[in-house]
Amino acid sequence: MTRAQSRVGAVVLTYNSADDLPDCLAGLRAQRGVDLQVIVVDNASKLDERARMKAIFHEVLPEGLILAAKPASYPDASAVFLCNDVNAGYSAGNNIGARFAAESGCEAVLIVNPDVRIEDPDYLANLFDLITADAKTAVACSTVTNLFGKHENPMIEPGFVEELLWPVKMVFGRLLPRQRAVTTLPARALKVEKVTGACFLIRMDFLRVIRFFDESVFLYCEESILYAQVRATCWKMLMDPGRHALHAHRTTAKGDQLTQYQNWAKSRTQFHAAYGGYGVLGQALLAGSRSLVLGLVRMRTLLKRVLSRAAQMRGGA
């Protein structure tokens, strides 16, 4: 089978993502060199947002089908829009798409956020070459930069001491030495330990080994879990510095900061319990560190509210 005959899935998990979806789908539609199946999974968006996304899907991919999240049969379609009526989180939503891709005979799956922009038409074909060159390559990724030009790949999983001292870093971060931003990367593909969850290609063989993505976390720490799974199974992740994707993420889209940190702390607790290997004492110390982090975030949130209220009172005086 040639590369052009190899079927690859691209799973786009949406949640009220109508503003981002057109550019994401256009970049996928322009891909060449592989038999691509685009799988949009809508994770219980508002009804008006879902209607907008369906219209966008049909405009960009007029041959696509709209189906239930778990259809009775799996049609041989180049594009599908799966309507999931229960939002069970990032991993569960992506698993719906990944399992559809598995039933469709896909050899690998591109997990791509709707706010990711891919302009290179050979992007997916090159990542597919990278992931299939070695039978033990679980994940292939490219460089990913945000709207400010900062690199999101490769990521580094924090060690025990670093994570334990996160509250100290929050308080005295400006006084501590800053980690140098990635500015130059080697020309050749390199092995990495952790990749951003916004955009990566994962091998179907490996997904079956880990029984697809761990659905025990709703949001956050998915990258850490994948890092631990790849490491435990002695597979590897590779990055192609010559390929690029833009993560056009807007931080305001995530909502209340305290809620974000609470969700993060819950996921981090689950990650350490299942994959951390730190033992009872180590987990207790890290739990204490997370409690301090949440306390600092609460104080910061309260201070912002007080200052905002004071400013409103001064403005109304």
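1. Contact here means heavy atoms within 4.5 Å. By that criterion L201 touches V8, A108, V109, L110, L124, L127, F128, I131, A138, V139 and A140, leaving aside residues up to four places away in sequence.

2. A word on the source: this is a predicted model, where local features need pLDDT of at least 70, side-chain atom pairs count only at pLDDT 80 or more, and totals for chains, interfaces and linings use all residues. Residues are numbered from 1 along each chain as its sequence is written, and side-chain values use heavy atoms, with hydrogens and water left out.

3. The largest nonpolar core has 39 residues, and L201 is among those with the most contacts inside it, as are L25 and C199. (Such a core is a set of buried Ala, Val, Leu, Ile, Met, Phe, Trp, Tyr and Cys residues joined through side-chain atoms within 4.5 Å; buried means under 20% relative accessible area with a 1.4 Å probe, protein chains only.) Apart from it lies another core, of 35 residues, including L13 and V195.

4. Just after α8, C234 takes a positive phi of about 65°.

5. Disulfides (cysteine sulfur pairs within 2.5 Å) number 0 in the whole structure. For C141, the nearest cysteine sulfur, that of C199, is 8.6 Å away. C141 is buried at 0% relative accessible area.

Terms used: Helices (H or I, at least four residues) and strands (E, at least two) are DSSP runs, numbered from the N terminus. Buried means under 20% relative accessible area, exposed over 50%, partly exposed in between (1.4 Å probe, protein chains only).
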